[in-house]
Amino acid sequence: MTKLNVGLVGAGFMGKAHVVAYSNMPKFFWPAPAVPVLKTVCDIVPEIAADAKERFGFQQSCTDWRDIINDPDIHVVSVCTPNNAHEEIAVAALKAGKHVLCEKPIANTRKASEAMAAAAESVKKDDIISMCAYQYRRIPAVLRAKQIIDEGSIGKILNVRATYLQSWSADPNSPLSWRFQKEVAGAGTLGDIATHVIDLSQYLAGDIKEVVSSLKTYIKERPVQEGGVDLLGTVKLNDDAKKEAVDVDDETSFLVKFESGAVGSIEATRNAWGRNNFITLEVHGTEGSIFFNYERLNELQVCFAKDPDNNRGFKTIYTGPAHFYGEVTWNIPGMNIGYGELKTIEIYEFIRSIVEKDQPSTRFEVGNQVHKVCDAVSKSAQSENWEIVQ
Ligand SMILES: NC(=O)c1ccc[n+]([C@@H]2O[C@H](COP(=O)([O-])OP(=O)(O)OC[C@H]3O[C@@H](n4cnc5c(N)ncnc54)[C@H](O)[C@@H]3O)[C@@H](O)[C@H]2O)c1
């Protein structure tokens, strides 16, 4: 069995998710396309790097990501740092001939995202794989939705309504971590979570060509959090803590026009009390509709126009062994999958792409296309006009 040595950069929240997925992939997908071996973990904070080595079972740790790039025995690099470090690490890794899975958003600036897409393009001929971590398009229910759309069962798509609503920063005492700093994150809600639903919308309905938007910052300053790890609002600081200005959006909403002629709307906020990971997609076609909500990720709702008037309505498809990845995750109906299995599916697709020399559907070029939509959204919030995605 082929083994691929993994170097992980950034051992925070997503670092853990990648490790769980690398470790579990061969347990679900067997025979695995290749077996990942946890070789080196890097974190800029020495204690985090050392802890991660012990906790996750890496062979070694380091505090400079260049040690991973310069190690000829590392085949695969996971980039799980805050957004401003993605470009430097990912481009260096690709140039060193390593396959790269980079967390989303692809980068914190357009210049960086273009450079990453160009670097990925230049090594494609050597079968080096690039992948952005837009995992939600790999949810079995979303894949079934895509299949239903592609087979024409809901007709021509008229409208896509997508939301990504969270509550973790609705409290003004939720600290000013790197996610609230434009220089590091690039944007607020727009880069952090709207990008996921931009990716999902484009996956289901094709590229977005025009947007008109609004960006809002409700909480203008927040208590400063020491240290580089974002605690996602799980820690609240005291009222007397030092405060600094927030220079990114708390909320974004925009109307979209797709290349196909369909229209739609996308909304994202981290200030929606009561909403946790409320990713919803509602697609209306000439022959039916589809509805999905991540908070019930094992379900897909469908309505077909052809059903008789007295029987028409949304019905629930409960995903399981009969659906994508269902046989290899838990092959008993109703056992369900969650975030851990979803990241495992993503790692399977990454490793499969490497072995089969087949660029994944979320390659850097696709991450860059999402960034182009974000740029048009930012521009439109300033101009208050429709802006073309270019
Ligand atoms: N796909 C998803 O659903 C999803 C969810 C959450 C976060 N993310 C993305 O994952 C990335 C990381 O987010 P997170 O929530 O894990 O953040 P985090 O703050 O929990 O962890 C980031 C880690 O990177 C380390 N780090 C910072 N700069 C570094 C450098 N130059 N070299 C090595 N280590 C460095 C920090 O010390 C920290 O331990 C971000 O790009 C974020 O947008 C994706």
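This is a predicted model: local features need pLDDT of at least 70, side-chain atom pairs count only at pLDDT 80 or more; totals for chains, interfaces and linings use all residues.
Local features are taken only where pLDDT is at least 70 and side-chain atom pairs only at pLDDT 80 or more, while totals for chains, interfaces and linings use all residues. Numbering starts from 1 along each chain as its sequence is written.

The protein chain splits into domain 1 (3–135) and domain 2 (137–335 + 369–388), with bounds that come from an automatic or database domain assignment. Their C-alpha centres sit 25 Å apart. Across the boundary, 19 residues of domain 1 are in contact with 19 residues of domain 2, contact being C-beta atoms, placed from the backbone, within 7 Å. On the side of domain 1 that touches domain 2, the elements giving two or more residues are helix 1 and helix 5. (Helices, H or I with at least four residues, and strands, E with at least two, are DSSP runs numbered from the N terminus.) By class, that side of domain 1 has 10 nonpolar, 7 polar and 2 charged residues; here Ala, Val, Leu, Ile, Met, Phe, Trp, Tyr, Cys and Pro count as nonpolar, Asp, Glu, Lys and Arg as charged, and the others, Gly among them, as polar.

The ligand draws on both domains, with at least three shell residues coming from each of domain 1 and domain 2. There are 26 residues around the ligand, and G10, G12, F13, M14 and E103 come nearest; a residue belongs here if its C-beta atom, placed from the backbone, lies within 6 Å. Helix 1 (residues 13–28) gives the most to this shell, with 3 residues. The shell as a whole divides into 14 nonpolar, 7 polar and 5 charged residues.

"Buried" means 20 or more other C-beta atoms within 10 Å of a residue's own, "exposed" 12 or fewer, and "partly exposed" in between, with C-beta atoms placed from the backbone.

Most residues other than glycine have a negative phi, and most peptide bonds are trans. A cis bond joins W30 and P31, with omega about 0°, and P31 is in the loop between helix 1 and strand 2 (35–42). Another cis bond joins K104 and P105, with omega about -10°; P105 lies between strand 5 (99–102) and helix 5. In the loop between helix 5 and strand 6, D127 has a positive phi of about 60° without being a glycine. D127 is partly exposed, because 14 other C-beta atoms lie within 10 Å. Y325, also not a glycine, has a positive phi of about 65° and lies in the loop between strand 16 (315–318) and helix 9 (339–356). Y325 counts as buried because it has 22 C-beta neighbours inside 10 Å.

Definitions and conventions
Two residues are in contact if their C-beta atoms, placed from the backbone, lie within 7 Å.
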